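Welcome to a short tour of one protein model. Have the sequence and the 3D view ready, and we will walk through a few places together.

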Amino acid sequence: MRNTKWICMILALLLAAGILPLTAVPVFAGSNEVFTITGWDVDGPAGSVVSVKINGVTFPASGGAVTASPATYVNVTVTFADGYVWGAFRTGVTMKLVDAQTGTHVLETSPVDNMVYMPEASLLKDYPQLKLIICTEEEFDPSVPADPLTLTLPTVKCGTVLYGLGQGSQPQGCPVTMSGSTAYVLLSSAYYVKDPNSPVGYNPPQEDIVLKGGDTAYVVNVMLGPVNLTASSVTVKNGTVEEILFNESYSVYNGHTMLAVVVKATVKHDYGSWEVTKEPTPTETGMKQRVCKGCGHVQKQKLPAFGITKHPSKKTVAAGEIASFTVTAVGTDLTYQWQYSKDGGSTWKDCKSDGSDSRTFSFTATASMNGRLYRCKVADKYSEATSNSAKLTVTAGKPVITKQPAALSVTANTASQFSVTATGSNLTYQWQYSKDGGSTWTDCTSASHDKATFSFTPKVSMDDRLYRCVVSNSAGSVTSDSVRLLVAGAKPAVTTQPSAQSVKAGTTVKFSVKATGSGLKYQWQYSKDNGKTWTDCVSPNHDKATFKFVAKDSMNGRLYRCVVTNAYGKATSSTAKLTVK
């Protein structure tokens with residue numbers, strides 16, 4: 001009895017889907033050298049095949065069927081009375097469905113051994129003239145486990161119409177796709193109504209049915225394949241397996257086993273876009289809703305309380321100082337984006353610096369930012385709000401030293417300088433020195449003491465002093481770091497040269513020299529060859545600043561000079577001539 005019910009159901013489903021013809025079943029025999037093809041045209045009389053071409057040789061049809069036994073089957077072409085052509089290649093070669101009128105391929109399959117080849121259901125719907133089935137005579141082996149099978153259904157939307165028997169008893173096709181298996185051939189996939197009182201079990205509805213969200217739709221997938229398929233080996237996307245029906249005894253299409261995988265799918269509401277019906281406030285929740293385009297069902301959702309409770313306030317800072325703006329808002333998982341405007345609020349740009357995505361935005365103000373407006377865009381998952389704008393006023397900032405002076409270690413009486421670099425407008429400079437390690441400071445008064453670079457000639461007395469610079473403008477002043485000046489002792493410098501002397505023999509002669517420097521030593525010298533060679537004097541006072549001795553006739557015409565030395569160098573005086581009368 002169960003077998004009878006199964007047979008009735010399968011026949012009813014195939015007949016309803018247009019898969020099972022009311023005429024002879026076409027056959028392609030893959031296990032012997034004789035095959036018979038019988039086709040039909042749903043728009044014309046049964047048995048309207050006019051010819052079959054095998055390997056380029058045309059065999060005319062007799063009574064709508066062709067029987068031939070060529071040595072090899074490679075390329076089989078079936079031509080219908082209205083010009084449509086079905087082409088099939090033998091096992092292991094790709095099959096093609098060709099439109100004889102245009103010469104274009106309508107369907108091309110992957111090569112599969114001992115398989116039933118059919119166009120997909122959607123193709124059959126588009127080309128009803130091509131309802132020709134070609135299959136082998138070999139049965140599937142029930143002992144071989146079925147390959148995993150994946151069926152992917154389209155999402156069944158609210159408002160989908162299942163056409164009833166009043167529309168010609170044609171079930172609405174479902175464009176299901178099958179993947180992951182080479183052991184099954186899908187013959188039909190369509191929507192049905194589950195009817196427990198029907199011997200078939202699944203039928204087209206008596207009247208048109210408009211599916212609504214939450215309804216259940218049944219998709220019956222009729223296929224050929226092995227009988228050992230189980231629900232655990234079937235994966236369904238957008239649905240679940242309701243049941244799998246087998247017919248193990250009813251042999252149809254040359255021994256192939258037919259089965260039906262029934263998939264249950266839940267109809268989904270076809271909602272439009274969300275619309276806010278009540279804006280949230282900092283103290284009250286809001287509401288949004290969307291409407292199903294199929295049945296008009298309204299879905300509502302609360303919006304959490306949200307809004308700005310305190311706006312940023314205007315700021316006045318000096319250039320170089322930190323400016324901060326803050327916004328306060330109520331909400332969940334809030335995000336912030338600060339913006340600025342340079343044209344009074346006509347256009348806005350996102351701030352990019354650190355902190356621009358925080359509740360408080362702090363940054364160093366520059367003169368170029370004066371007059372800008374700042375605001376913050378605050379958002380949660382559902383809503384967005386923009387704060388009032390706040391103006392930033394940047395005044396002239398007090399100086400900022402960007403390069404400090406460096407310590408000096410110099411030799412006395414050599415040109416030296418300290419330098420400082422600062423930013424700001426209308427800057428003035430005052431260099432200062434300290435002789436007590438920085439406890440007290442005295443303004444420098446020499447030339448360039450009021451310049452960024454202070455130039456001077458150091459003296460030994462300046463050794464170990466500290467120097468610094470005070471930089472000022474109308475906004476304030478800033479003092480540089482203090483740096484030390486180290487002055488090494490200077491080498492001697494002759495300030496008064498010896499002069500020529502003319503005396504009588506036997507009288508006292510005196511040559512004198514004056515020099516600056518510390519730890520000075522003197523050595524007087526004479527030359528008898530007009531300065532070509534010099535000899536150190538050895539008489540008393542030869543190592544004094546004033547050299548005295550008694551003149552002799554033999555000294556007439558000599559030149560005298562003094563070499564002054566100390567630890568840092570030496571200086572030689574000019575020459576002075578002695579004339580002895």
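## Loops with a positive phi

Ser448 sits in the loop that links strand S37 (442-443) to strand S38 (453-456). This is a predicted model, and in it Ser448 takes a positive phi of about 70 degrees although it is not a glycine.

With a relative accessible area of 65%, Asn530 counts as exposed.

Now look at the loop between strand S48 (546-550) and strand S49 (559-566), where you will find Asp553. Its relative accessible area of 55% makes Asp553 exposed.

Which residues does Asp553 touch, not counting those up to four places away in sequence? They are Ala505, Val580 and Lys581. Asp553 and Thr579 are 26 residues apart along the chain, and 8.9 Å separates their C-alpha atoms.

## Cysteines

How many disulfides does the model have? The count is 0. Cys562 gives an example: the closest cysteine sulfur belongs to Cys537 and lies 9.2 Å from the sulfur of Cys562, so the two are too far apart for a bond. A disulfide would need the sulfur atoms within 2.5 Å.

Is Cys562 buried or exposed? Cys562 is buried, as its relative accessible area is 0%. Cys174 is buried too, with a relative accessibility of 3%.

Notes:
Residues are numbered from 1 along each chain as its sequence is written. This is a predicted model: local features need pLDDT of at least 70, side-chain atom pairs count only at pLDDT 80 or more; totals for chains, interfaces and linings use all residues. Side-chain values use heavy atoms; hydrogens and water are left out. Buried means under 20% relative accessible area, exposed over 50%, partly exposed in between (1.4 Å probe, protein chains only). Helices (H or I, at least four residues) and strands (E, at least two) are DSSP runs, numbered from the N terminus. Contact means heavy atoms within 4.5 Å.
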